[in-house]
Amino acid sequence: MSLDTRGRQAAALTSRAAEGLGPAPELAAFRRRRTWRRGALALVAVAVAAAVVWQGALPARPAATRPGVPGFDPHVVAVIPIGRPSPPEDSTTSVVAAGPEGIWALDAPGHAVARIDPVHNTVADRVDVSLGPGWFPVAVWTGDGAVWVGSQRSGQGSALQRIDPAAAVTRIFPLPEVHDLVSSDLALAGGSAWLAAGDELWRIDQRSGRASRVEGVPAGPLAASQERLWVGGQLFDPRGGRVVGSAYGAGNVTTKDLAVAGGSLWATVEDPAAGCGVRRLTLSGQQLQSWIQLGQDGDTFPRAIAAGGRTVAAVASAALYLIDPRDNRLRATVALRTPGSVAVGAGAVWVSDADDGALLRVDPGA
Amino acid sequence: MGEGPKAPAGELELGGEDDPESLHLPEPFEAFYEREYHPVAGLGYALSGSWWVAEDLAQEAFLAAHRRWDEVGRLQRPGAWVRRVVANLATSAVRRRAAEARALLRLNARREPREPLPGEAVDFWREVRSLPRRQAQAIALFYLEGWPTPAIAEVLGCSDATVRVHLHKGRRTLARRLGEPEEEAPT
């Protein structure tokens, strides 16, 4: 028997067995299960928070004094409707971004990016990013004085828009060979935009607009600082176009997201030996400065991280973790139903709600 | 990231984007769900080795699709989107453990196939799961769905060439471990 024959037989038997499971479960049962799980998660989060406060690990700030939004964790101080969400809940795609360019949130169904007014917690204006029939915007980033929007057209390539909000000028970089922006990341370094899309790393020359695949460097989460570009656990020289180093212990862990702030590289990792959490490394990546385990016994793998000022924020399923970079301690655990992307800017933490399409403003409590 | 449970290759090829009707009129979610649930659960089994986990992952993926059906339903291949979610969930150790824990909590609701999967199929998928993550995903889709490599690339979110490499390496390793000769090269 050949491998293909055996594979096809196994597939046929598996398909028959799957049919033998019986009818597909009722959708109503899904919703009940989901509701039950959310309720249970909320109860667990409340219990954990109560235990932590009781043990004195958190500053004893009474919830009643925090101007929280009813129905949300007291850290949530504003809920800004943006639009309906598009990426899956567990996606690492960025739908909110913060930087000197402002706070921006993606409204994928509305084919727009919304600029947030952080003073009034409202949408200040919207920029149309539609590219025509079949196109959907899937991610937004900030950097190099611009807002960057990644859009894709199912199976027919992608495009990157560079929006200069001050000049109201948009430049479009066609990426016909890039097919996966749903799991993507963008960083600016060495005069180029670097795009991790699926398994591939792409360089987009901002002058010529030319996009080229970087061979031999598997894609991963990106972070840039000056002339350093981190691609997963690898340090990449954006001018020389080659890998020049690797982060401390990178070979032993799975890295899901990276952020640079406060002279450090922050990485969300799953370490088979130490569990899940956040690693703080020197910018060279060579030295481990701190290890912050998240969840019970490190069972929570944060999928996104953002850093700025006095706050590092990591998002995991149903929770936002606020870390104080001054002492590398967990400052608070914020229970959220369906957190999506996270950004830090304008003195606040901004989290997209993957279920409701809203943007949550979270008080970092610094 | 519509198709039948065993969609022929031609049906999966991309196209029709210029037809506005195909872009803006998603089929009813319920019809999509009824048609796709079992093959998606089968993919979940192949990549997790447990029917309980497979059903939990499938339900998780369909829930996600249901919540954003306005967008997912407009995709050329919503079935590819759901399979992608399941493939990623099934090969994430953390998510799989969570699914296992949830499945254990639902002792009364858990189900097994009417007829147990024969040992040779169980052994085959066990070897597939021992492959590197992307190779395992590509192999499972290749055999379960019989899809061409561009369709698998759409699910995995990588290039056609990358899928071919995953399939080549994965099939070579599988053939060695199972003591079977490879047959024809993947299309």
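Helix H11 of chain B is followed by B:Gly179, a residue with a positive phi near 70°. This is a predicted model, in which local features need pLDDT of at least 70 and side-chain atom pairs count only at pLDDT 80 or more, while totals for chains, interfaces and linings use all residues. Residues are numbered from 1 along each chain as its sequence is written, chains are lettered from A and ligands numbered from 1 in the order in which they are written, and side-chain values use heavy atoms, with hydrogens and water left out.

**The two chains**

- Chain B has 11 helices and zero strands, where helices (H or I, at least four residues) and strands (E, at least two) are DSSP runs numbered from the N terminus.
- Chain A, in turn, has two helices and 28 strands.
- Buried residues (under 20% relative accessible area, with over 50% counted as exposed and partly exposed in between, for a 1.4 Å probe and protein chains only) make up 58% of the 187 residues in chain B and 54% of the 366 residues in chain A.
- Of the contacts (heavy atoms within 4.5 Å) in chain A between residues at least 6 apart in sequence, 43% join residues at least 24 apart.

**Helix H11 of chain B**

- H11(B) covers residues 160–178, and its 19 residues reach 26 Å from the first C-alpha to the last, close to the 27 Å expected at 1.5 Å a residue, the expected span being 1.5 Å times one less than the number of residues.
- Its buried residues include B:His166, B:Arg171 and B:Leu178.
- The buried residues of H11(B) pack against helix H1 (3–19) and strand S12 (200–205) of chain A, as well as against H8 (119–129), H9 (133–145) and H10 (149–156) of chain B.

**Helices H3 and H9 of chain B**

- H3(B), residues 29–48, packs with H9(B) at an angle of about 140°, their axes being 10 Å apart; axes are lines fitted to C-alpha atoms, for helices over the stretch in contact, and angles run from 0 to 180 degrees between N-to-C directions.
- H3(B) and H9(B) are therefore oblique to each other, since angles under 35 degrees count as roughly parallel, over 145 as roughly antiparallel, 65 to 115 as roughly perpendicular and the rest as oblique.
- Among the residues that meet are B:Pro39 and B:Leu43 in H3(B) and B:Ala140 and B:Leu144 in H9(B).

**A loop residue in chain A**

- A:Ala108 lies in the loop between strand S3 (102–107) and strand S4 (112–117) of chain A, and A:Ala108 is buried, with a relative accessible area of 2%.
- The C-alpha atoms of A:Ala108 and A:Val138 are separated by 6.3 Å, although these residues are 30 residues apart along the chain.
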